[in-house]
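Dear colleague,

Please find below the structure that I am handing over to you. My notes on it follow directly after.

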Amino acid sequence: ERQFRSLGTVLSLLDGQGVPVYPHDLVTQINEQLRQSEYGTWFTVPYLRCKVYENRNAHIVFTRPDLLTELNRRAGDATALAGTE
């Protein structure tokens with residue numbers, strides 16, 4: 001949860017939206033979608049498309065490749081994140 005909160009904050013800041021606060025933070029948005037969705041179905045939250053399985057594994061796709069590119073540019077070195085549509 002801490003990592004998703006940090007990821008949401010970084011993406012929101014890169015998007016010029018400032019630090020998200022409850023109930024607009026990424027973790028709250030994901031948890032709300034999990035309550036409304038069945039396992040194995042895709043749902044969309046700000047910056048991500050997600051599919052969560054009963055074993056708690058998840059597929060995550062970044063929906064804003066421009067923000068992912070900027071994050072990788074600022075983070076530097078060869079450990080770039082992947083997974084954009």
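I begin with P46, which is in contact (heavy atoms within 4.5 Å) with L26 and Q29, leaving aside its neighbours within four places in sequence. P46 is found in the loop between β1 and β2; helices (H or I, at least four residues) and strands (E, at least two) are DSSP runs, numbered from the N terminus. With a relative accessible area of 38%, P46 is partly exposed, where buried means under 20% relative accessible area, exposed over 50%, and partly exposed in between (1.4 Å probe, protein chains only).

The model is predicted: local features need pLDDT of at least 70 and side-chain atom pairs count only at pLDDT 80 or more, while totals for chains, interfaces and linings use all residues. Residues are numbered from 1 along each chain as its sequence is written, and side-chain values use heavy atoms, with hydrogens and water left out.

I turn next to the core. A nonpolar core is a set of buried Ala, Val, Leu, Ile, Met, Phe, Trp, Tyr and Cys residues joined through side-chain atoms within 4.5 Å. The largest one has 14 residues, and L11, I30, F43, V45, L48 and F62 have the most contacts inside it. At least two residues of this core come from each of α1 (2-14), α2, β1 (42-45), β2 and α3 (65-75). Leaving aside neighbours within four places in sequence, L48 touches F4, L26, I30, F43, I60, V61, F62 and T63. In α2, the buried residues are L26, V27, T28 and I30, and their cover includes α1, β1 and β2.

The largest pocket has a volume of about 460 Å³. On a 1 Å grid over the protein atoms alone, a pocket is an open set of points where a 1.4 Å probe fits, with protein on both sides within 12 Å along at least five of seven lines; lining residues have an atom within 4 Å of a point. Grid points are joined across faces, edges and corners, and a volume is the space filled by probe spheres set on the points. Of the 18 lining residues, I30, N31, L34, V52 and R56 lie nearest the centre of the pocket. Two or more lining residues are given by each of α2 (26-36), β2 (48-52) and β3 (58-62), and α2 provides the largest share, 4 residues.

Which salt bridges deserve a mention? The whole structure holds 7 of them, a salt bridge being a side-chain nitrogen of Lys or Arg within 4 Å of a carboxyl oxygen of Asp or Glu.

- D15 pairs with R64, with the closest N and O atoms 3.1 Å apart. D15 lies in the loop between α1 and α2 and R64 in the loop between β3 and α3, so this pair ties together parts that are 49 residues apart in sequence. D15 is partly exposed at 23%, and R64 is partly exposed at 28%.
- E1 pairs with R5 at 3.3 Å between the closest N and O atoms, and E1, R5 and D25 are linked in a network of salt bridges.
- R73 pairs with E70 at 2.6 Å, N to O; both lie in helix α3, 3 residues apart, about one turn of the helix.

Yours sincerely
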